[in-house]
Amino acid sequence: MTAIAALIFAAIVLSGLLNIYLDRRQAAAVLAHRGSVPAAFASTVTLEEHQRAADYTVARTRLSAIETIYDTGLALLWLGFLLRPLFDFVAAHVPAGLTRSVATMVLVAALSYLLTLPFAIYKTFKLEAKFGFNRTTAATFALDQVKAAALQLALGVPLLYGLFALLRALPNLWWIFAWIGLMAIMVAMIVIYPAFIAPLFNKFTPMADGPMKSGIEALLRKCGFESNGLFIMDASKRSAHGNAYFTGFGKAKRIVFFDTLLEKHTGDEILSVLAHELGHYKFGHVIQKIGESAALALVVFAVLHWAFAAGTLPAAFHLPNDPSLVLMIVMTAIGPFASLFAPVTNYLSRRAEFQADAFAKSMTGAAPMISALTKLTRDNLATLTPDWLYTLFNYSHPPVPERIAHLQS
Ligand SMILES: [Zn+2]
């Protein structure tokens with residue numbers, strides 16, 4: 001085995017072990033505190049709710065550990081054994097060229113999807129259902145899968161053709177153009193997604209006139225925020241988890257509330273959740289996130305450029321030097337390496353959350369934000385006692401007890 005193959009195999013195994021270790025720590029921390037509600041929540045969360053949250057968290061972390069073992073095994077199998085016969089099969093049916101590379105990628109993606117589908121089914125219809133969150137039916141679930149697959153084929157196949165053609169035409173500069181192209185697609189998606197893709201999956205109804213809407217409009221004016229619409233999304237069609245978000249940029253921004261959020265929260269709480277989202281906008285977090293993704297994409301393309309030019313990667317895994325196989329190896333290896341940087345990106349994201357909370361506090365006061373966070377935690381069965389090391393790697397948002405402590409200070 002060459003050094004580079006050994007390094008990639010080691011990264012896959014180590015990242016799998018790290019994630020299992022973190023899952024075990026999380027389950028242990030939650031179980032250790034299952035017996036009593038943390039003092040700060042004694043008056044807002046019952047012992048029964050606290051224990052249901054503990055059971056839900058433990059069930060999810062255990063499933064996640066099993067999934068990690070499965071995914072790690074699959075990644076090793078793909079690189080060590082499966083890619084070769086799969087590529088030979090495609091090569092026997094499709095003549096050499098762009099189509100062969102694209103067909104290889106599509107086949108690998110389709111098989112990977114089928115191999116992970118049982119987990120998605122189990123999560124939705126067993127785990128989420130057991131804790132009362134699942135509201136989707138088998139028919140909606142199946143239709144979602146078909147729509148998502150069709151969408152991925154419609155967008156992915158032309159993109160792959162474009163990438164492989166670019167690689168062939170400009171072997172030295174392709175990655176700069178590919179990066180510029182990806183950035184253009186990302187910006188276009190900000191406009192295309194809410195208008196064309198999200199409506200394929202959910203219904204968006206403009207919020208009706210009334211005290212709720214005028215309260216929201218007053219808050220938007222106070223924050224100097226322009227928007228071209230307030231929408232309610234029928235999230236309850238699939239799940240009972242509540243949320244709110246906004247999409248788009250400039251004057252075309254839309255604010256979307258899950259119907260599940262509106263069902264369970266008071267007007268003041270909803271305004272504070274919205275003020276938090278507006279805080280992200282005010283502090284430039286949206287632009288910052290786009291900048292982070294752009295920098296990351298540039299690194300990935302530089303790595304790919306090296307991998308395509310050097311030609312050592314496929315040889316290291318005894319594979320033919322086809323761009324689809326180079327792309328597969330890099331995509332399989334990148335996750336484990338990236339997971340080591342999760343604490344850095346999570347730290348940046350958590351800092352942004354504290355800033356947005358502080359903004360919400362300055363606009364609507366601390367009390368409604370605190371009660372909204374408490375309700376969201378309680379209703380989403382989020383644990384109040386996570387493990388600190390687990391949160392460092394897995395929480396993009398600070399644990400709610402910390403957010404509430406900040407709001408109170
Ligand atoms: Zn936030």
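Colleague: How far apart are the end C-alpha atoms of helix 13?
Modeller: They are 20 Å apart, which agrees with the 20 Å that its 14 residues (366-379) should span at 1.5 Å a residue. The expected span is 1.5 Å times one less than the number of residues. Helices are DSSP runs of H or I with at least four residues, strands are runs of E with at least two, and both are numbered from the N terminus. Keep in mind that this is a predicted model: local features need pLDDT of at least 70, side-chain atom pairs count only at pLDDT 80 or more, and totals for chains, interfaces and linings use all residues. Residues are numbered from 1 along each chain as its sequence is written.

Colleague: OK, and which residues of helix 13 are buried?
Modeller: Pro 368, Met 369, Ile 370, Ala 372, Leu 373, Thr 374, Thr 377 and Arg 378. Buried means that 20 or more other C-beta atoms lie within 10 Å of the residue's own; 12 or fewer is exposed, anything in between is partly exposed, and the C-beta atoms are placed from the backbone.

Colleague: What do those buried residues of helix 13 pack against?
Modeller: Four helices: helix 2 (47-93), helix 8 (267-282), helix 12 (342-364) and helix 15 (400-408). Contact here means C-beta atoms, placed from the backbone, within 7 Å of each other.

Colleague: What happens just after helix 13?
Modeller: Leu 381 takes a positive phi of about 55 degrees there, although it is not a glycine. Leu 381 sits in the loop between helix 13 and helix 14 (388-394).

Colleague: Is Leu 381 buried or exposed?
Modeller: Leu 381 is buried, because 21 other C-beta atoms lie within 10 Å. His 318 also has a positive phi of about 55 degrees without being a glycine, and it lies in the loop between helix 10 (312-316) and helix 11 (323-339). His 318 has 12 C-beta neighbours inside 10 Å, so it counts as exposed.

Colleague: Switching to the sheet: in what order do the strands come?
Modeller: Four strands make an open sheet in the order 1-2-4-3, with mixed pairing. Strands pair if DSSP finds at least two bridges between them. Strand 1 (204-206) and strand 3 (244-247) are at the edges with a single partner strand each, so one side of each has no neighbour in the sheet. From one strand to the next the twist averages 30 degrees.

Colleague: How do strand 2 and strand 4 run?
Modeller: Strand 2 (residues 230-233) runs parallel to strand 4, joined by four bridges. Met 233 has Phe 258 of strand 4 as its bridge partner.

Colleague: And in what sense do strand 3 and strand 4 pair?
Modeller: Antiparallel, over four bridges, with strand 4 covering residues 254-258. Tyr 245 stands opposite Val 256, and Ala 244 has Phe 257 as its bridge partner.

Colleague: How many residues of strand 4 are buried?
Modeller: Four of its five, so strand 4 is mostly covered. Helix 8 lies across strands 3 and 4, at about 40 degrees to strand 3. Axes are lines fitted to C-alpha atoms, for helices over the stretch in contact, and angles run from 0 to 180 degrees between N-to-C directions.

Colleague: At what angle do helix 6 and helix 8 cross?
Modeller: Roughly 30 degrees, with the axes of helix 6 (residues 211-223) and helix 8 coming within 10 Å. That makes the two roughly parallel. The labels go by angle: under 35 degrees is roughly parallel, over 145 roughly antiparallel, 65 to 115 roughly perpendicular, and the rest oblique. Residues making the contact include Ile 216 and Leu 219 of helix 6 and Leu 271 and Leu 274 of helix 8.

Colleague: What about helix 3 and helix 4, how do their axes cross?
Modeller: The axes of helix 3 (residues 98-130) and helix 4 (residues 138-169) come within 11 Å and cross at roughly 155 degrees. That makes helix 3 roughly antiparallel to helix 4. Among the residues that meet are Val 102 and Met 105 in helix 3, and Leu 160 and Phe 164 in helix 4.

Colleague: Last one: which helices do the buried residues of helix 1 pack against?
Modeller: Helix 2, helix 11 and helix 14. Those buried residues include Ile 8, Ile 12, Leu 22 and Val 30.

Key: Two residues are in contact if their C-beta atoms, placed from the backbone, lie within 7 Å.
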